[in-house]
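This briefing goes through one structure topic by topic. Look at the sequence and the structure before reading on.

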Amino acid sequence: MINKIARTRWAKRWLPIVLFIGPVMLYYLGFMVYPFLATFYYSFNTIAPVKGVMVTTFVGFQNYIDLFSDPIFIQSVKNTIIWSVAGPVIEMLTALTLAFLIYFRVPLYRFYRTAWFTPLLVSGVIVGLVFRWFFNNEWGLLNASLRAVGLGDWALNWLGRRDTPLMAVIFVHYWATFGYSMVLLLAGLSAVPEELLDAAKVDGANIFQTITKIMIPILWPTFITVLILSFIGKMRAFHVVWALTGGGPMHFTETVATYVQKRAFGWSTLDLGYPSAMAVLWFGVVIVGVSLLNRWLKRQAQV
Amino acid sequence: MNSYPYKYQGDPLIRLQKTTGKIAISIPLIIITLIVLIPFVWMIIMSFRTTAEILNDPFGLPKTLELENYAKLLFDPEIGFGRYFVNSAIVSAGALSVTLILSTMGGYGFGRSRHKFKFRGPVFNLLLFALMLPPQIFYIPQFTMMSKLGLLNTYWSLILTYAATALPISTYLMSTYFSQLPSELEDASQIDGCTHFQTFWHIMLPLARSAILTVTLLNFMHFWNELLLAITMVTDPRMRTIQAAMMMFVGEHGSNYAIAAASLVLSMLPTLLLYLVMSDKFIEGLTAGAVKG
């Protein structure tokens, strides 16, 4: 009987597909798609332990309504958006410039490429902790250097004030990721066909015309991808913030990712529904942000 | 054009013409490089000093090469750093195994079935959809799942969830690789009487060694450096991964910066050594997914 089924045309066609794709898709459905959908379900409930047992109570849109009157959430949204707008702009401008310089083989270009890539290898925890010490008020390398050269007045408590901590977070994450964007753009640049550059030279184009009229248009799809990756990276960043400031002081560097973590598992608020609502809302913001960026940048290419 | 410090040569490379130009362009680049490297150097120097020295004189070099911090980390049972190292190694190896088995099979399935099955596009897109999503949209129910399965505070909770987050990119990379192999290989082995699985196991998998290495490096680095799930699924101090342990160190041994610095240096050794051995493969792995996507 089984042999008979296995010999049908249908089985010949589908059996291998089910055999190879089945396991990965089942695993994915179980551990990713189900949790994804469950987050939506959670967000309409209060899920809290009552006498040691998790009890789910339906609350409709209450979690979402509460979000808009939660000053810490509003602060964390503000911080994350400032970061996700400022971060990628700075990163793309510098990474593009540096990628061009390395492409044109400035002296020591191999060394630069390797050196700038190293921060990417170490974990966000290491990056965060090293810079937590680097910015330390009393003995951090930055303030110690400023005092040593007589700029003691400039030595601020970088991570302990109202205005500088968010800038520090943006800088540290930028420090850790600009090399990655640079390498991605460099890969895109090396895909530009040499014949085109030769042709441009024969036609008498100067270096600026070659860059703006030929190289950038060809690089544009890669540029869009890298920019969107950079944007997503800031919208979801957790490790560096957690290790550098933990969202403090006074939530001045709180991001949506750290606040979700605190409300779900850190504080003793004991409700998984509320942070789920944050996650869902943020998922929406990321999707809308990415598609707007994508559409806007593609239109730029057509002009 | 001549006033510009670049000379266009026959190839696409433009070299700096004058020494002054070379120096002018090198100064900002070297400053950038210093900003990138100094925190590392400082961290390594810190790890060879004592906390008292660090607090008194942030710049100083280690007076004697103080190996005590490392000795304490490795051998002091109260700190027990070796345990966290082993925890991370077990979790990474376990998650890698699950990821590699599922993603090579899935990648083969997707890569070799380009026109052969009807719902390939939507199914593949469903898998790739997770690539751009923040982990926050998955991890709260992942936590309840692990709680219901009784797996919290075990290696399994991290192995299973790490593998899940790694599957989309890994399957995608494997499928890209498999789709570039010539289909004659498959036809020949089928004629020789191999089953689909034999073809996959004996013919295709050995050919994909390079792609498997890429996927391994990419995921190893991700697993070794992960923190969000590590602090969520595991709260038992003995079961912590190395990243979670370092965060704990700063809380508990907060005043002992020298030991903390040594722990950072030790924790980054595995990735750093792999990078030194195969830096090209590493860069390839980290860029492969992005540029094609």
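In this predicted model, 32 Å separate the centres of domain 1 and domain 2 of chain B, taken over C-alpha atoms.

- Domain 1 of chain B covers residues 6–71, and domain 2 of chain B covers residues 75–292.
- Where the two domains meet, domain 1 of chain B gives 11 residues and domain 2 of chain B gives 10 residues.
- On the side of domain 1 of chain B that touches domain 2 of chain B, the elements giving two or more residues are H1, helix H2 (51–56) and helix H3 (68–75) of chain B.
- H1(B) supplies the largest share of that side of domain 1 of chain B, with four residues.
- Sorted by class, that side of domain 1 of chain B has six nonpolar residues, four polar residues and one charged residue.

**The contact between chain A and chain B**

- Chain B brings 77 residues to the contact, and chain A brings 79 residues.
- Helix H1 (residues 19–47) of chain B gives 10 residues, the largest share of the side of chain B that touches chain A.
- The side of chain B that touches chain A is made up of 55 nonpolar, 19 polar and three charged residues.

**The overall form of chain A**

- Chain A contains 13 helices and two strands.
- Chain A is more spread out than a compact globule, because its radius of gyration is 25 Å, well over the 19 Å that the globule rule gives for 303 residues.
- Along the principal axes, the C-alpha atoms of chain A fill a box of roughly 70 × 70 × 35 Å.
- Of the contacts in chain A between residues at least 6 apart in sequence, 70% join residues at least 24 apart.

**Burial in chain A**

- In chain A, 42% of the 303 residues count as buried.
- Helix H6 (residues 124–134) of chain A is mostly covered, with 10 of its 11 residues buried.
- Among the buried residues of H6(A) are A:Val125, A:Ile126, A:Leu129, A:Phe131, A:Trp133 and A:Phe134.
- A:Gly124 and A:Gly128 are also buried residues of H6(A).

Definitions and conventions
Residues numbered from 1 in each chain as written. Chains lettered and ligands numbered in written order. Predicted model: local features only at pLDDT ≥ 70, side-chain atom pairs only at ≥ 80, totals over all residues. Contact = placed C-beta atoms within 7 Å. Nonpolar A, V, L, I, M, F, W, Y, C, P; charged D, E, K, R; others polar. Domains from an automatic or database assignment. Rg over C-alpha atoms; globule rule 2.2 N^0.38 Å. Buried ≥ 20, exposed ≤ 12 C-beta atoms within 10 Å, placed from the backbone.
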